[in-house]
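Below is a short report on a two-part subject: one chain in detail, and its contact with a partner. Please keep the model open while reading.

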Amino acid sequence: MKLRELAHSRTGDKGNTSNISVIAYDAKDYPLLLKEVTSERVKAHFSGVVEGEVVRYELPNISALNFVMTGTLGGGVTRSLALDAHGKSLSSALLDLEIEASSDDK
Amino acid sequence: MRTIRIGSGAGYSGDRIEPAVELAEKGDIQYLVFECLGERTVALAQQARMKNPESGFDPLLEERMRAVLPLCAAKGIKIVTNLGAANPEGAAKKTAEIARSLGLSSLKIAAVVGDDVLDACTQGDLPIMEFDGTIKQLGNRLLSANAYLGAEPMAEALRGGADVVITGRASDPALFLAPMIHAFGWAMDDWNLLGQGTVAGHLLECAGQITGGYFADPPYKDIPDLARLGFPIGEVGEDGSLVITKVQGSGGAVTAQTCKEQLLYEVHDPRQYIQPDVVADFSQVSVEEIAPDRVRVSGGRGSKRTGTLKVSVGYVDSFIGEGQISYAGPGALARGRLALEIVRERLKLTGVAASELRFELIGVDSLHGAQVSARAQESYKGPYEVRVRVTGRTESLREAVRIGNEVETLYTNGPAAGGGAWKSARDVVAVASVLLPRELAKPQVRFFGSLT
């Protein structure tokens, strides 16, 4: 199953750092997100895009994760050569992530 | 308990005009905030002001003010905005002039000045946060240095009776925090209240992004009537309680989902959202839908503010050249790739000096690069059309122009049937940050009457 089935997402930018929220539609899926959507997997998913590190913050009250990815915006929004200098389209790309949902996770 | 309603009338400098009019007309608000100052806008505005000392404020100031001033004056709605950009005083004088021309003779307009800290920054030699180097090392490439001011001077302007408060660089949430501090007399060291007030300001500052803009993703997330998107209202109590809502009947939606997405927008560590007035903590925030288009947001906290202010430093970074051209029909992808190879070789052959280059196909791999796109392409069919895009960073405009030229000449020298070539070359004013000891910024409030 794609992450898109379980969560919604928004990208924000500050300098050369992008942050992507991953928010469970249903709070009961939050533990599955915690298990499946790790910093390592996000970094691998964005290979060729993220040059720095990926740090994950957890917000259980709103069933959300926040991924902070350094070295992602072509040297910074105000100087980037990228078509999407803000990286606004990254959230949709992350929702393409494949999630393994075994029956005992549900 | 006392409550105020604050409307958010713009989320960036070019934002739609009429949602703010709708807020003033039907929103039952006491304050209307316009956040219109992007990261590098002050630097560009500073360049404009160097050419013409009367300019340097937001180019849409007049249009926005003309649209809302009569309604706001009639209803006593106070306006708070960073439309002043690099010239808040000029913006205040202009606003007074507009008010006079509209027959509004008793408005008091305040300018908050002092965010320009270029002198203070160059006297010391502050390290740049984003890359190795100091502010002095930018030399004559340095254009501007503006501190993110807090809510205090804006609250002072409101206490002084201002109907319109115009700032330059200020923290975006502080534009909203100022009315709360003024209306409720919040202490500037009540960190939890300031933290919760910052949550409110942060949620509201991007206007339509919390009422359904930057959100719709059919069929997973549907939002009605985005062409008539209503902008948000924050209903804030003196204890910091907060409900996000919008004008009834306007387009869009305020839901727990839109509020959660905006809560984390441009946030790094949610426990430490550093602001000039407080270090806000978003980690314990909860959201609850209490009625249609009404979401209660609670749990924002805060701790003591830091000893420094973040300063946005504008500088001339480099030049960027770019060219694009399209191919369609059978073999479009192969011809697009061939075109990229030709330009790559041409830039080498003709010795264009670029420190960084990108070769991409719009519609194939331009947004997320070859690796991410190739993985996804396995499950998609090839495109019907592609658009070649080559862009590079150079040290002069002359070099930058050559990049677009090498794409344009594909017309007669490249693959079959290339169309719609386009090129550009521009200088890049970029922005970096330094931290300035707080006491070195000395904000002041100046008042202007629409009579004088």
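**Basis.** This is a predicted model: local features need pLDDT of at least 70, side-chain atom pairs count only at pLDDT 80 or more, and totals for chains, interfaces and linings use all residues. Residues are numbered from 1 along each chain as its sequence is written, while chains are lettered from A and ligands numbered from 1 in the order in which they are written.

**Overall form of chain B.** Chain B has 13 helices and 18 strands. Helices (H or I, at least four residues) and strands (E, at least two) are DSSP runs, numbered from the N terminus. The radius of gyration of chain B is 24 Å, close to the 22 Å that the globule rule gives for 452 residues, so chain B is as compact as a globular protein of that length. That radius is taken over C-alpha atoms, and the globule rule is 2.2 Å times the number of residues to the power 0.38. Along its principal axes, the C-alpha trace of chain B spans about 70 × 55 × 45 Å.

Of the 452 residues of chain B, 53% count as buried. A residue is buried if 20 or more other C-beta atoms lie within 10 Å of its own, exposed if 12 or fewer, and partly exposed in between; the C-beta atoms are placed from the backbone. Among contacts in chain B with a separation of 6 or more, 77% come from residues 24 or more positions apart. Two residues are in contact if their C-beta atoms, placed from the backbone, lie within 7 Å.

Chain B is divided into domain 1 (3–114 + 149–305) and domain 2 (317–430). These bounds come from an automatic or database domain assignment. The C-alpha centres of domain 1 and domain 2 of chain B lie 40 Å apart.

**Strand pairings.** Two strands pair if DSSP finds at least two bridges between them.

| Strand pair | Sense | Bridges |
|---|---|---|
| β1(B) and β7(B) | antiparallel | 5 bridges |
| β7(B) and β8(B) | antiparallel | 5 bridges |
| β11(B) and β12(B) | antiparallel | 5 bridges |
| β10(B) and β13(B) | antiparallel | 3 bridges |

Individual partners can be named. In β7(B), the bridge partner of R5(B) is E235(B). In β8(B), K246(B) partners P232(B). β7(B) and β8(B) form a hairpin with 4 residues between them, and G240(B) in the turn has a positive phi of about 90°.

The hairpin of β11(B) and β12(B) has 2 residues between the strands; D293(B) there takes a positive phi near 55°. E289(B) stands opposite V295(B) in β12(B).

An open sheet of 3 strands has the order β9-β10-β13 in chain B, with antiparallel pairing. Its edge strands are β9 (273–274) and β13 (301–303) of chain B, and each pairs on one side only. In β13(B), R301(B) is the bridge partner of D281(B).

**Helix α12(B).** This helix (residues 397–408) has 12 residues and reaches 17 Å from its first C-alpha to its last, close to the 16 Å expected at 1.5 Å a residue. The expected span is 1.5 Å times one less than the number of residues. Buried residues of α12(B) include A400(B), I403(B) and V407(B), as well as R402(B) and E406(B). The buried residues of α12(B) pack against β14, α10 (332–349), β16, α13 (410–413) and β17 of chain B.

**Two single residues.** A10(B) sits in strand β1 (residues 3–10) of chain B. It counts as buried, with 27 C-beta neighbours inside 10 Å. Leaving aside neighbours within four places in sequence, A10(B) is in contact with D15(B), A20(B), F34(B), E35(B), C36(B) and A207(B).

G52(A) lies in the loop between α2 (39–45) and β3 (54–59) of chain A. G52(A) is partly exposed, with 14 other C-beta atoms within 10 Å. Beyond its neighbours within four places in sequence, G52(A) is in contact with M69(A), T70(A), G71(A) and T72(A). G52(A) and M69(A) are 17 residues apart in sequence and 6.6 Å apart in space, C-alpha to C-alpha.

**Interface.** 43 residues of chain B are in contact with 32 residues of chain A. α11(B) gives the most to the side of chain B that touches chain A, with 5 residues. The residues of that side divide into 18 nonpolar, 12 polar and 13 charged. Ala, Val, Leu, Ile, Met, Phe, Trp, Tyr, Cys and Pro count as nonpolar, Asp, Glu, Lys and Arg as charged, and the others, Gly among them, as polar.
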